[in-house]
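Colleague: I would like to go through the contacts in this model one by one. Please end each reply on the value or name I ask for.

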Amino acid sequence: MNKGKVDVLLGLQWGDEGKGKVVDVLTPKYDVVARFQGGPNAGHTLEFEGQKYVLRSIPSGIFQGGKINIIGNGVVLAPDLFMDEAKELEKSGHELKSRIHISKKAHLIMPTHRVLDRAYEAARGKGKVGTTGKGIGPTYTDKTSRNGLRVGDILDNFQEKYEAHKARHLDMLKALHFTDFDLEETEKHWMEGIEYLKQFKIVDSEHEINHLLREQKSILCEGAQGTMLDIDFGSYPFVTSSNTICAGACIGLGLGPNKIGNVYGIMKAYCTRVGSGPFPTELFDEDGKKLRDIGHEYGAVTGRERRCGWVDLVQLRYSIMVNGVTHLILMKSDVLDQFKVIKACVGYELKDGTQTKELPYDLEGVKPIYQELQGWHTDLTKMTNEEEFPQQFKDYIKFLEEFLETPIKIVSIGPDRNQTIVRN
Ligand code: GDP
Ligand code: IMO
Ligand code: MG
């Protein structure tokens, strides 16, 4: 940890790498956890003491030791979903009102944003993105087209502002000939969510976070989604609508680039993706099915089957580059316990037959070139330190570190908080 700087933890693949679990594991080392982008499209799973929690809008640092959790300006917030999530946690005994600080500059996801999300997807037909349907794209679109409604707006003359935004959205839906929606119930619940939000600390989070840094407080920034879903660097247009990369933490919290310390890049020992879009190492055979079954690869938000494939080191090298990753965190290694042979993509053959180790502009139709490695055929899930790892697994870790030119700092060997091994 570097004093006076934040650490950033983010996903290097297509999301669901296990960010929530690791943020929870690392929280005791930090004073503050801050989300900087995304919204309820995220589903971050944490398991401890026999309990399982899925967090969407609430940062994953709320379970350990009364830490402050900031929802930054870069996040998009749905008040109704936030209320449902927070009430559920309060019921299980977690005090949140004084600890969750919400940026006035975070944009609000309106019920009509969610309808627009569905309408745009329907209009795309076969080319649909496969969004989570949470209104993410339309909300960020309103933000960049300077039409958004922000958390700070709820403090003054809100109803009038809301109605004007809603009227504009209804015009857009009319133009799309989209009529499959009923706003009445949703709107009522959403307005309750607005009142509920007011019970939280609504802050100028850019001031707060910089003050905290000056006071030498330690801060962990929690990414959502993954680098390949980044609006600029992901597999566009099959991406989300925010900057999921490390620079997103500067934008989404108001931090200067010189305030970034360690960058923890999270990767699965294989790879998954939900929704549409290219996925070079995707498996359609028994191995893919085995990864899905053993890894329980079903979406935490939508319950959709996750597409599964081998680890893609070309893609990961790109992610490490655009994020400036300083340390890797390897997740779900235990899912490979039963595989005789493990494959890793070390290059691509492009459509014109040439080979490359650099991620190309277009991922559609590229063929992965694999290196085969020996499996370890050992149950990793009960191990407590890296000395116990079988030699083949040690070789796999070494191979990844060499190819990716980045050290692996933590190895996760199961979903529980305790199934985590910090390497020396
Ligand atoms: P996130 O969105 O990056 O926080 O990841 P998700 O929570 O959507 O997906 C990760 C899934 O893998 C969750 O169900 C976790 O409980 C689970 N998980 C995390 N780490 C491990 C691990 O090391 N091994 C296994 N088997 N499961 C893990
Ligand atoms: P976490 O934080 C995996 C995917 C959707 C879709 C695309 C755009 O849990 O890793 P959106 O609703 O954002 O407009 O959808 O992005 N997607 C995710 N995939 N994990 C996520 O979050 C995701 N958030 C969005 O499936 O393909
Ligand atoms: Mg997830």
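Colleague: At what N to O distance do the side chains of Arg 114 and Asp 80 meet?

Modeller: This is a predicted model. A salt bridge needs a side-chain nitrogen of Lys or Arg within 4 Å of a carboxyl oxygen of Asp or Glu. The side chains of Arg 114 and Asp 80 meet in such a salt bridge, with an N to O distance of 2.5 Å.

Colleague: How many residue pairs are in polar contact across the interface of domain 1 and domain 2?

Modeller: The domain assignment gives domain 1 as 6-103 + 204-265 and domain 2 as 107-198. Across their interface the rule finds one salt bridge. For polar contacts, with both residues at pLDDT 80 or more, the number of pairs is eight.

Colleague: Which element gives the most to the side of domain 1 that touches domain 2?

Modeller: The elements giving two or more residues to that side are strand E6 (76-77), helix H2 (79-91) and strand E7 (100-103). With nine residues, the element that gives the most is H2.

Colleague: What area is buried between domain 1 and domain 2?

Modeller: The centres of the two domains, taken over C-alpha atoms, are separated by 23 Å. The contact takes 30 residues from domain 1 and 24 residues from domain 2. Carbon and sulfur atoms give 67% of the buried area, which is about 2100 Å².

Colleague: Is Gly 43 buried or exposed?

Modeller: Asp 16, at 22% relative accessibility, counts as partly exposed. Buried means under 20%. Gly 43 has 12% relative accessibility and therefore counts as buried.

Colleague: Which residue has its backbone oxygen 2.7 Å from a polar atom of the side chain of Gln 64?

Modeller: Gln 64 lies in the loop between strand E4 (51-55) and strand E5 (68-71), and at 17% relative accessibility counts as buried. Leaving aside neighbours within four places in sequence, its contacts include Val 25, Thr 27, Pro 28 and Arg 417. The backbone oxygen at 2.7 Å belongs to Asp 24.

Technical notes:
Residues numbered from 1 in each chain as written. Chains lettered and ligands numbered in written order. Predicted model: local features only at pLDDT ≥ 70, side-chain atom pairs only at ≥ 80, totals over all residues. Heavy atoms only, no water. Buried < 20%, exposed > 50% of the residue type's maximum accessible area, 1.4 Å probe, protein only. Domains from an automatic or database assignment. Contact = heavy atoms within 4.5 Å. Buried area = accessible area lost by both parts, 1.4 Å probe. Polar contact = N/O pair within 3.5 Å; in protein donor to acceptor, adjacent residues only side chain to side chain. Helix = DSSP H or I, 4+ residues; strand = E, 2+ residues; numbered from the N terminus.
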